[in-house]
Amino acid sequence: MKRVFMSLALVLVIVSLLFTGCGKSSETPGGTGTNAGPSSSPSTGSDSKGEVIKLTYFNTSAEVNEMFEKMFARYNEINPNVVIELIPTGIGEGQQEKLQSLFASGNGPTFMNVDPANVIEYQDRLVEFTKDNAPWLFEYANESAVEAGTFDGKVMGAPWSVQGYGLLYNKRIVNQVYGGQFDPTTINTRDALKAFFEKIEAAGIPATMLHGANWSLGGHYLTLTYAVQGPATSDGTGFIDKIKAGTQKIEDSPIFQGYMDTLDLLVKYNYNKADPLVADFNQDILAFAQGKVATFFMGDWSWTSMVGLENIDTEYGFIPVPWSNNPSDYGNTEVVMVLPKFQCIDKSQNNEAQVKAALDALGWMLTDPEGQQFFLDQGFCMPYKNVRTDIEYNSMTQSIADYASRGKTINLGCFSYITGDAWTQTGNLMLMYISGAIDRQQLAQGINDYWKSVK
Amino acid sequence: MVSKKKSLSNAGFFITFMGPSLIAFTCVLMIPFLYGVFLTFTNYNPIKGTKDFVGLENFLAIFTDKEFLTQFLKTLRYVFYSTIFCNILAFILAYILTSNIKARNFLRSGFFTPNLIGGIILGYIWKFIFANVVTKVGHTLEIESLKTSLLTHPDRAILAMIIVTVWQYAGYLMMIYIAGFVGINKEVLEAADIDGAKGFKKLFYVTIPSMVPSFIICFFITISRGFMAYDLNLALTNGAPYGSTRLASMHIYQKAFQANQYALGQAEAIVLFIVVAIVAVTQVLLTKRYEVEA
């Protein structure tokens, strides 16, 4: 009997230990995002201590997770009743899935930094920015930037950075090979690019590098084919719609063939030629920063990954990726300039107090000089009128700004409308192409089939 | 009277000890599972918020999803090879480590440690090793096939996954086999020795038949874990190269969360569950026949 009593008591103790984990989380500002209940209740609420409002922030710009953490810590110092928890993600790793599972489980983040495609996908859940709830946006942001964040006539994304991509080149190496200041505007045809590569290779330096990831080749390179169809966003989306309907085959577009010919050139001189699919981002960045290769098909966000490294080159610029031998063709002398990410606020799984707090926090982040400084320190170019003008951007962003001032940019608006698993699937096809597993006809067939299968 | 009291107190014990686990099991496993089965008959999409009844449409769609079939066959291949090699290696290790060699306990813990490293970290470590260390070895020793990372070719990437799986689970299974070895009836072994059975004969006719329960457990573990493999898949290859090593679980995940076809993904998951259940149960029933009473 005594033994039975003892064992029952033990069971009770163990069971009660189970429930200690369900106690109120007091000092840690985090963890609330993962402990929420079913979809109807908001992800946090105020706890009994006072009016501390807890917000969650989902970030897809993985290279600056730390920046956001510091920013939120600072914001909490200024506003002790607002605590923002960062939900970080890794570069290229399951960001879409994470966001979807957050919403599916009822833990939708209060506000987030996402691709424009996500803004379109989730538009029913998002807060519309109006002059009433976000006056700072309309007062300080550049008009074109606000327009980029407008979908179906509603401003649902707040812009924060302008980025670009193209063929990055290492100024020190290239100037050395050319024996003087190299002029990037001389690269305006594929033949010019070919001569450029051959000159660099003759000097004993690997000419270029491709990062063998599906987002780089499918999301960035292949999208050039759609975007260069015409200067308006609808040119690109119209082209894709025709492929979806089956009235256009991608291989019939000379732009596609042109970009693939240029890709063959890049593959030929690819620094990663021996093993093109390793796709270790840190490794490729390091190799480029150390000057092991002259050019790299990547964007100016690379600088944020390089800035912490030691003993690296710091001067870079952009060359366009030409697709034909006619210098006046749209796309041969331009680089891509895009507002790649937007800040948006969710109203479907967060209550009014949280939405209001998020709007205020966003306003501080984007238009308050102290908030902006965090972004500027990382080298981001913010499209706001009140940004301090004495800032010296890193060489990559400067190069993009230079192309923009000359009006030589490719409008990548159609990229926002490429949703779902488009760039993973088409990117995988591109990877098969650069590693020689399929030929161009099969690549085109695969792309056509993919778009036709998308609803 | 007495039996009624006894059955009540029995029930009381049952509820006290099994209750919490049963509640947790029902909430975390049973209810979501049943809800999932219900969802396969709808066109559920949490982003768009739809949940209309569509009957068997999702199950029919599985047949048109060619990728599911190829990935499933790949998973079968992966499970087959990893089970065989894992168990052979674990058995050999257990055999060696139950004989009297020096540092036996140290070696036992040593071989078990890989299992303690979680699948994700393991995947990243091995990814680095395959991409950098193995390729360096290939370059210095001039071995052509090792000069490029094992992870960048579709067939060799599966091989890489098998290698890492074997490395991870051999120690765990070894522990089970050691317990099996130690639990063999000493009298039967002595009788075999007296009868003149030596070495391999003793192994095949006495040791292995006595170890059948261990085999049942180990095969069951490797098969079911193999089918469900996801964390290692994600960290080591993430479907690379170009989606060819997306094993069944990852393919389902991709279908549901990346292609936004939730109901189809759920239907495929149910199919996976049925197949794994059939395979596992068949395996247990078949091998149970070989159990001997010492």
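In this predicted model, five strands of chain A form an open sheet in the order β2-β1-β3-β11-β6, and their pairing is mixed. At the edges stand β2 (82-87) and β6 (158-159) of chain A; each has a single partner strand, so one side of each is left without a neighbour in the sheet. The partner strand β1 (residues 53-59) of chain A runs parallel to β2(A), and six bridges join the pair. A handy place to look is A:Thr56, whose bridge partner in β2(A) is A:Glu85.

Helix α2 (residues 65-78) of chain A touches β1 and β2 of chain A, and its direction makes about 170 degrees with that of β2(A). Helix α14 (residues 352-367) of chain A touches β1, β2, β3 (111-114), β6 and β11 (342-345) of chain A, with its direction at about 60 degrees to that of β1(A).

Turning to the meeting of the two chains, 24 residues of chain A are in contact with 20 residues of chain B. On the chain A side, α1 (2-18), α3 (95-104) and α17 (422-434) each supply at least two residues, and α3(A) gives the largest share, six residues. This side of chain A comprises 12 nonpolar, seven polar and five charged residues.

Within chain B, the axes of helix α3 (residues 66-97) and helix α9 (residues 212-228) come within 9 Å and cross at roughly 145 degrees. The crossing of α3(B) and α9(B) is right-handed. Among the contact residues are B:Tyr78 and B:Cys86 of α3(B), together with B:Phe219 and B:Ile223 of α9(B). The contact residues include eight nonpolar, six polar and no charged ones.

Note on methods:
Residues are numbered from 1 along each chain as its sequence is written. Chains are lettered from A and ligands numbered from 1 in the order in which they are written. This is a predicted model: local features need pLDDT of at least 70, side-chain atom pairs count only at pLDDT 80 or more; totals for chains, interfaces and linings use all residues. Axes are lines fitted to C-alpha atoms, for helices over the stretch in contact, and angles run from 0 to 180 degrees between N-to-C directions. Helices (H or I, at least four residues) and strands (E, at least two) are DSSP runs, numbered from the N terminus. A crossing is left-handed if the near helix is turned anticlockwise from the far one by less than a right angle, and right-handed if clockwise. Two residues are in contact if their C-beta atoms, placed from the backbone, lie within 7 Å. Ala, Val, Leu, Ile, Met, Phe, Trp, Tyr, Cys and Pro count as nonpolar, Asp, Glu, Lys and Arg as charged, and the others, Gly among them, as polar. Two strands pair if DSSP finds at least two bridges between them.
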